[in-house]
Amino acid sequence: MEYLSKQRYDELATELKHLVNDVYPRVTDDLAEASAQGDRSDNAGYREARRIQAKTISRIRFLQKVLENSRIIDTAALPKDRVCLLSCVEFTNLATDTRMKFEIVSPHEMDLEAGKISLKSPIGAALMGKKVGDIAEAQVPSGTLRLRIESITSG
């Protein structure tokens, strides 16, 4: 079971609808056209159309599974005093005295450039359930990070 924000759920549903209604019919038309050009063993266009068809089908199936096994998060039920899904957390790396701010999101919403880290990442997992002032220890490839939570706001 995955939990998604309403916005991300809607984005995935829109992508799925676009793939099913627009992209896949175009891909099957391209495949039929390439197939009609004769011998398939020497037909690079046919092989490319098959590759695109397989990639499209794979993405459709992936999105269907994600949406089928996802639930939209009820933000009103989330705690405000602890780090949880959709919390914006500002913390200090105690080794370097560097402050950072990230929103904790599901793996399907992760986007480091937008300041969103997965709750399943080492830092996200270490922060979950902590309160302001708590010290979280995250096991990362370079060692252990000690992080002091400075503030928690709702996403």
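**Overall form**

I began with burial: of the 155 residues of the protein chain, 33% count as buried, where buried means under 20% relative accessible area, exposed over 50%, and partly exposed in between, with a 1.4 Å probe and protein chains only. I note that this is a predicted model, in which local features need pLDDT of at least 70 and side-chain atom pairs count only at pLDDT 80 or more, while totals for chains, interfaces and linings use all residues. Residues are numbered from 1 along each chain as its sequence is written, and side-chain values use heavy atoms, with hydrogens and water left out.

I looked up the secondary structure and found three helices and seven strands in the protein chain, taken as DSSP runs numbered from the N terminus (helices are H or I with at least four residues, strands are E with at least two). The order along the sequence is β-α-α-β-β-β-β-α-β-β. The radius of gyration of the protein chain is 22 Å, well over the 15 Å of the globule rule for 155 residues, so the chain is more spread out than a compact globule; the radius is taken over C-alpha atoms, and the rule is 2.2 Å times the number of residues to the power 0.38. I also noted that the C-alpha trace spans about 70 × 35 × 20 Å along its principal axes.

I checked H1 (residues 6-35), whose 30 residues reach 42 Å from first C-alpha to last, close to the 44 Å expected at 1.5 Å a residue; the expected span is 1.5 Å times one less than the number of residues. H1 bends by about 40 degrees at Leu-19, the bend being the angle between axes fitted to the seven residues ending there and the seven starting there. Leu-19 is also among the buried residues of H1, which include Leu-12, Leu-16 and Val-23. An α-helix has 3.6 residues a turn, so residues three or four places apart point the same way. The cover over the buried residues of H1 includes strand S1 (2-4) and helix H2 (44-68).

For H2, I found its end C-alpha atoms 36 Å apart, which agrees with the 36 Å that its 25 residues should span at 1.5 Å a residue. Its buried residues, including Tyr-46, Ile-60 and Val-66, pack against S1, H1 and S2.

**Ser-70**

I then turned to Ser-70, in strand S2 (residues 70-72), which counts as buried at 4% relative accessibility. A polar atom of its side chain lies 2.4 Å from the backbone oxygen of Val-66. Setting aside residues up to four places away in sequence, Ser-70 touches Met-1, Glu-2, Leu-4 and Tyr-9, contact meaning heavy atoms within 4.5 Å.

Ile-104 lies in strand S4 (residues 98-105) and, at 0% relative accessibility, counts as buried. Beyond its neighbours within four places in sequence, its contacts include Val-83, Leu-86, Ile-117 and Met-128. Leu-86 belongs to the loop between S2 and strand S3 (87-93), and is buried with a relative accessible area of 9%.

I looked up two backbone angles as well: phi of Leu-86 is near 75 degrees, a positive value in a residue other than glycine, and phi of Asp-97 is near 55 degrees, also positive in a residue other than glycine. Asp-97 sits in the loop between S3 and S4, and at 61% relative accessibility it counts as exposed.

Note on methods:
Polar contact = N/O pair within 3.5 Å; in protein donor to acceptor, adjacent residues only side chain to side chain.
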